[in-house]
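Here are some notes for a colleague who has not seen this structure before. Please read them with the model open.

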Number of protein chains: 2
Amino acid sequence: MLAVIAGAGLLPRLILEENPGLLVRFEGAGCETDAAEIVEARFEQLGVLFGELKSRDVTDVCFAGAMARPALDPSSFDPETLALMPRVLPVLKGGDDALLRLIAEIFEEQGFAVRGAHELAPGLVAPAGSLVGEPDAGQKQDAARATAILNALSEQDVGQGCVVANGLCLGIETIQGTDAMLGFVADTRARHGDGGVFVKRPKAIQDLRIDMPAIGPETVVAVAAAGLSGMCIAAGSVLLLDRPAIMDAAVAAGIVLWAE
Amino acid sequence: MLAVIAGAGLLPRLILEENPGLLVRFEGAGCETDAAEIVEARFEQLGVLFGELKSRDVTDVCFAGAMARPALDPSSFDPETLALMPRVLPVLKGGDDALLRLIAEIFEEQGFAVRGAHELAPGLVAPAGSLVGEPDAGQKQDAARATAILNALSEQDVGQGCVVANGLCLGIETIQGTDAMLGFVADTRARHGDGGVFVKRPKAIQDLRIDMPAIGPETVVAVAAAGLSGMCIAAGSVLLLDRPAIMDAAVAAGIVLWAE
């Protein structure tokens, strides 16, 4: 039995559409998805959750969608959660990646297999090739330079996205995310020509089982608003949420979209 | 004899204060500096300029201050300029670095030695050590992470600046420059804590004789506006324009400033 541990957005529903399973909704985590079978959970009561999942014969878990970090109420910690705090607290201050890795580790220690969304719903990622239009030589060159920049940064745990236009790097994604970076490019590129390509890839050290880069139609709109003409995603490792709407948005905005 | 080939800003004057020499002002390049001895020049008449410099026994040239790229009038090219065009034109479309490297190369072919501002006025750069205040352990750690990010990018010809706060990377400088990047951090950091450090360093492949990173008091003001608490510059290779005003601004804004 699969349990989808659900954050915000469409992903939990898309995974449950293709896999039998139940939905785990943490209080305050921002999940708005419904399902036939739901387990309501609290971050302070992980022992209760583990027991509940085991009693329902859950063997696999999938973390789906970004979860908000709620304020914790220490007075309601159950013994299991309390015992985990010495490991969780130091990581709470750091980046999302470290926290997610620890949470996945904790679920694995409890005997659950942590599965990636791309394994459970392979239709959510794109194989290498064109999705909308065909990149021209200049777009391919810009995409190659952006990819080289992301690869160089990858070991530093920075950068899921990069914008290059006519060989010039106009933006590198930092912790504020894709939309902030594309907004920066839109606001500041005036003197630096037209066109260009946004490349989205996971970091080399990113654990795709718990944290996959994702794009949606709003990403395509932001790419167009930044004056770019193309978007290139990593084949097999960027979630398309959802694909028909993304492709419609790319066609409407005249954006070439491909995976490689 | 030294010729300072002058762009905008304070740098040409600061170099001439410490070195005997003449000032070369290109029409339309944005130089507002005066000097005892001035040669007015045009980008279309490089042969005339080379002759003039040689007749005045100029042996060394120093490129100082950013130059605007004026529209060229091909009808007034002299033969030397015309002969250089097959090399200059392809580079005019690219980044500043390639153009500056080519211009330095052309002056060297004419027999001039190209000198860096930091050689001619060593007081404009800072040796390793504190300038204002002392960085604490957290600031040193943030600076080390920002430096690691810049080093990783260096071979890609991207990144003279990076902001890290509490271990999180909030900004990486792209072609739009330091002010745009610090503005982005100011606008987008809300959810990502206080403090943090801006690190400014040349790229590994940067030719310091023709293009040095520089900071001014306005940089310190932008660092403070981005909610940062510290600024770390590369020892010996970032120009301080001008140092007393920069230090005053750092003291006024409560910014720790050091070189390493």
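The points below take chain A and then the interface.

1. This is a predicted model, in which local features need pLDDT of at least 70, side-chain atom pairs count only at pLDDT 80 or more, and totals for chains, interfaces and linings use all residues. Residues are numbered from 1 along each chain as its sequence is written, chains are lettered from A in the order in which they are written, and side-chain values use heavy atoms, leaving out hydrogens and water.

2. Chain A has nine helices and 13 strands (DSSP runs: H or I of at least four residues for helices, E of at least two for strands, numbered from the N terminus). Its C-alpha atoms fill a box of roughly 60 × 35 × 25 Å along the principal axes.

3. At the interface, 22 residues of chain B are in contact with 23 residues of chain A (heavy atoms within 4.5 Å). The two chains bury about 2000 Å² between them, 67% of it on carbon and sulfur atoms; this is the accessible area (1.4 Å probe) lost on being put together, summed over both. On the chain B side, α6 (137-154), β8 (168-172) and α7 (178-188) are the elements that give two or more residues.
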